[in-house]
Amino acid sequence: MEQQLAQIVQKVYDVQTDVRLTRPEPQFGDYATNVAMQLAKSLGKNPRDIAEEVAEKLRENEDFIEVSVAGPGFINIRLSDAALIRTVYTRPARPYVDQNIVFEYSCPNAFKELHTGHLYQTMYGDTVSRLMLLGGAKLTRTSFGGDVGLHVAKCLWGVRDTLGGEYPDKLGEISEDALERARWISQCYVRGASAYEDDEVAKDDIDELNKTIYGYHDADNHDSPLAQIYWTTRQWSFDYFDAFYELIDVEKLRYYPESETAPVGLDVVKDQLAAGKLKESDGAVVFEGDESKHLHTRVFITSKGLPTYETKDIGVIWMEKDEYNFDHRYLLTGNDQREYMRVVFAAAEEFRPELAGTMTHLTNGTVRFGDGKKMSSRLGNVTRAVDVLDAVQTKVDELVADASKRRAVALGAVKYAFAKYRLGGDINFDLDETVSLQGNSGPYLQYAHARARSILAKSDEQFTLPRELFDEDRALVRKLGEYHEAVDTVIRELAPHHICNYLFELAQEFNRYYEKNKVIGSDKEAHRLSLVALYADILQAGLAILGIDAPEQL
RNA sequence: GCACCGGUAGCUCAGCGGAUUAGAGCAUCUGUCUUCGGAACAGAGGGUCGUAGGUUCGAAUCCUUCCCGGUGUACCA
């Protein structure tokens with residue numbers, strides 16, 4: 001339709017314009033455009049006159065039942081019933097067709113548990129992934145984290161201390177459950193971390209252990225007792241990631257451990273140093289920032305000869321490029337890494353010019369716990385992902401009678417609570433609001449869906465698709481027709497929160513309709529059932545985009 | 001210091017490739033309804049969109065100043 005308008009403008013005034021349609025308030029029509037005002041200046045004409053001329057052309061189209069000019073020159077358009085019904089079946093655009101995308105997010109460190117930030121980023125990243133796929137992309141989901149480094153040394157020290165020595169066999173006594181194993185490893189980490197702070201001997205020990213662990217990789221040592229403990233618990237961590245992703249019902253990711261990316265990055269860095277793209281400074285290898293572009297100078301190899309995160313990140317980029325030959329790479333991290341990543345991207349693009357413009361860094365804010373008073377008793381300072389899930393699950397269990405539906409509701413509540421914020425700012429996670437049955441929440445929409453399904457289940461009438469419209473249907477059908485526009489926006493901007501707003505507005509519109517228009521027992525029963533079915537399908541599809549399951553009954 | 005992100009109703013947030021009366025949820029208040037799952041519907045109050053300027057016929061939206069909050073600023077990740 002926007003193209004149609006552009007063509008009319010082209011024909012009448014012989015100018016190229018990008019016409020945008022908006023959705024005005026219902027009193028004005030189904031669509032509106034302000035092209036006339038935009039053109040007024042360049043054409044040197046009164047916007048109202050332009051609007052009238054364009055409107056006259058539009059009136060020739062039988063899809064438009066009413067075209068009026070209002071205010072300073074808006075063109076308001078009302079669709080015919082047939083055209084309005086057609087909007088409901090319009091398919092969203094697929095802007096990423098033929099694009100090979102790598103999307104990196106989640107990124108938990110091995111030997112640690114996922115915290116609330118990971119939970120948010122993983123669920124959000126999973127939804128954004130789905131948007132890329134809906135947009136037609138060929139997608140690979142990747143993740144990146146440390147399986148070597150000081151935090152691992154602290155942990156391994158704690159494991160050894162907990163086991164009472166280098167006894168790999170004793171690991172057999174630990175739980176078989178991946179999540180419980182992760183919990184156990186995490187406790188060992190705490191033990192090691194506090195020893196590192198308080199105990200000089202332990203600190204030296206751990207620093208030494210750090211080098212030893214790198215050695216396991218360099219020498220491919222799987223045999224010594226401590227090496228066995230390392231490799232076993234490392235695998236436990238990887239198993240835990242998969243178990244956790246399954247727990248929250250998201251897709252698994254291809255994981256790049258630092259032990260693999262660091263050597264790749266180091267090779268690149270050494271080559272670039274030789275090529276003069278990196279400099280030596282105070283014994284370290286650095287990428288010199290550009291003041292005029294506000295790029296910091298950053299260290300890639302420390303004066304002790306160790307690769308930094310920068311080098312490891314270069315390593316992942318190279319591995320992802322070589323393995324998947326992406327057209328575009330997206331990366332989601334906390335927004336504290338924004339400036340840092342600009343430098344890494346700048347360096348990467350300088351080292352490998354083909355990467356220029358192919359990488360996008362998305363950043364998320366931190367999860368804050370809303371009403372501290374109510375949360376403190378249950379969550380307090382806890383930041384572990386599982387604790388948030390448990391707290392939500394406990395609330396949901398009290399509200400949902402059918403035990404088999406409780407997990408879907410709890411996960412839906414959390415995913416929705418994360419998805420409804422625009423990416424970037426900190427997000428406010430309020431437990432009560434998240435599981436609230438009123439207002440803009442996941443459970444509210446799941447219930448709205450189940451309720452619609454129950455109406456359909458209750459009737460014996462046969463129905464297909466709506467063929468005509470009555471006055472009372474228009475508002476609802478118009479909203480149903482906005483679905484593909486909402487999805488378009490969400491896919492194009494990779495911004496799921498728009499779909500949340502849309503679905504909530506749709507549910508409200510339906511409630512209004514349903515309040516006034518009896519479905520079952522009405523002489524328009526079959527017709528109205530067809531609208532209810534469309535509504536339920538759209539709710540379900542919209543929630544599916546967010547990774548939320550919509551049960552037929554609750 | 002410099003840079004980045006944010007500052008919209010009491011609270012939590014949408015809107016920000018300018019445009020017809022600035023929206024929603026929660027909270028508060030008032031109605032409807034013996035409810036096809038009422039987890040509903042109708043309505044009210046509440047905002048000089050951080051500040052001061054500028055561009056424009058028109059600015060929450062674009063530009064500039066300043067203020068407030070958060071983050072980052074070479075050998076952590």
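Reply: Let us begin with contacts: two residues are in contact if their C-beta atoms, placed from the backbone, lie within 7 Å. This is a predicted model, in which local features need pLDDT of at least 70 and side-chain atom pairs count only at pLDDT 80 or more, while totals for chains, interfaces and linings use all residues. Residues are numbered from 1 along each chain as its sequence is written, and chains are lettered from A and ligands numbered from 1 in the order in which they are written.

Me: With which residues is threonine 360 in contact, leaving aside its neighbours within four places in sequence?

Reply: Threonine 360 is then in contact with His328 and Tyr330. Its place is in strand E12 (residues 359-364); helices (H or I, at least four residues) and strands (E, at least two) are DSSP runs, numbered from the N terminus.

Me: Does threonine 360 count as buried, exposed or partly exposed, and why?

Reply: The general idea is a count of neighbours: a residue is buried if 20 or more other C-beta atoms lie within 10 Å of its own, exposed if 12 or fewer, and partly exposed in between, with C-beta atoms placed from the backbone. Threonine 360 counts as partly exposed because it has 14 C-beta neighbours inside 10 Å. Serine 42, which lies in helix H2, counts as exposed because it has 10 such neighbours inside 10 Å.

Me: How many helices and strands does chain A have, and what percentage of its residues count as buried?

Reply: Chain A has 21 helices and 14 strands. Of its 554 residues, 40% count as buried. The C-alpha trace of chain A spans about 85 × 60 × 40 Å along its principal axes.

Me: Why is helix H18 described as largely enclosed by the rest of the structure?

Reply: Helix H18 (residues 474-481) has six of its eight residues buried, so it is largely enclosed by the rest of the structure. The buried residues are Leu476, Val477, Arg478, Lys479, Leu480 and Gly481. They pack against helix H4 (81-88), helix H19 (483-493), H20 and helix H21 (525-545).

Me: Which class does the angle between H15 and H17 fall into?

Reply: Helix H15 (residues 406-419) and H17 pack at an angle of about 125 degrees, and their axes are 7 Å apart. That angle makes H15 oblique to H17. Val409, Gly412, Ala413, Lys415, Tyr416 and Ala417 in H15 meet Gly442, Pro443 and Gln446 in H17.

Me: Which residues come nearest to RNA strand B?

Reply: A residue is near a molecule or strand if its C-beta atom, placed from the backbone, lies within 6 Å of it. Of the 70 residues around RNA strand B, Met37, Thr302, Arg422, Gly439 and Ser454 come nearest. H17 gives the largest share of this surface, eight residues.

Me: How is that surface divided by class?

Reply: Ala, Val, Leu, Ile, Met, Phe, Trp, Tyr, Cys and Pro count as nonpolar, Asp, Glu, Lys and Arg as charged, and the others, Gly among them, as polar. The surface near RNA strand B has 24 nonpolar, 30 polar and 16 charged residues.

Me: Where does aspartate 14 lie, and what is its phi?

Reply: Aspartate 14 lies in the loop between helix H1 (2-13) and strand E1 (21-22). Its phi is positive, about 60 degrees, although aspartate 14 is not a glycine. Aspartate 14 is exposed, because 7 other C-beta atoms lie within 10 Å.

Key:
Axes are lines fitted to C-alpha atoms, for helices over the stretch in contact, and angles run from 0 to 180 degrees between N-to-C directions. Angles under 35 degrees count as roughly parallel, over 145 as roughly antiparallel, 65 to 115 as roughly perpendicular and the rest as oblique.
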